[in-house]
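Hi,

Here is the structure I promised to pass on. Please have a look, then read my notes below.

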Amino acid sequence: MSEHTNAMDLQKADINDYALPLMRIEHMAKQAHYLCLDHKYEEAEDVALRLCVAARVLQQTLRIIREKEREKHADTKTV
């Protein structure tokens, strides 16, 4: 039961790791869209720049999750 709980905790941690950056990206994309609809292109450009930063954070987060998965699978193969 302990192994199952630990696996579930790891899975939840992974979901939380990528969910927040992804939600930020979604929010900023929507914000940029509405700014463009209002012809506020300079503000939309600022949001787009922050969106790029958020996308980079998401990319790094996914890389970390991928490495954790590789380590997890490598550990199960050696056991």
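His39 is found in the loop between helix 1 and helix 2. Helices here are DSSP runs of H or I with at least four residues, strands are E runs of at least two, and both are numbered from the N terminus. This is a predicted model: local features need pLDDT of at least 70, side-chain atom pairs count only at pLDDT 80 or more, and totals for chains, interfaces and linings use all residues. Residues are numbered from 1 along each chain as its sequence is written, and side-chain values use heavy atoms, without hydrogens and water.

The phi of His39 is near 60°, a positive value in a residue other than glycine. Most residues other than glycine have a negative phi. His39 counts as exposed because its relative accessibility is 60%. The cut-offs are over 50% for exposed and under 20% for buried, with partly exposed in between (1.4 Å probe, protein chains only).

Overall, the protein has two helices and zero strands. Of its 79 residues, 16% are buried.

Now the core. The largest nonpolar core has nine residues, including Ile25, Met28, Leu51 and Leu58. Such a core joins buried Ala, Val, Leu, Ile, Met, Phe, Trp, Tyr and Cys residues through side-chain atoms within 4.5 Å. Helix 1 (2–37) and helix 2 (41–78) each give two or more residues to this core. Helix 2 gives the most, with five.

Val47 is also in that core. Leaving aside residues up to four places away in sequence, Val47 touches Met28, Gln31, Ala32 and Leu35. Contact means heavy atoms within 4.5 Å.

Best wishes
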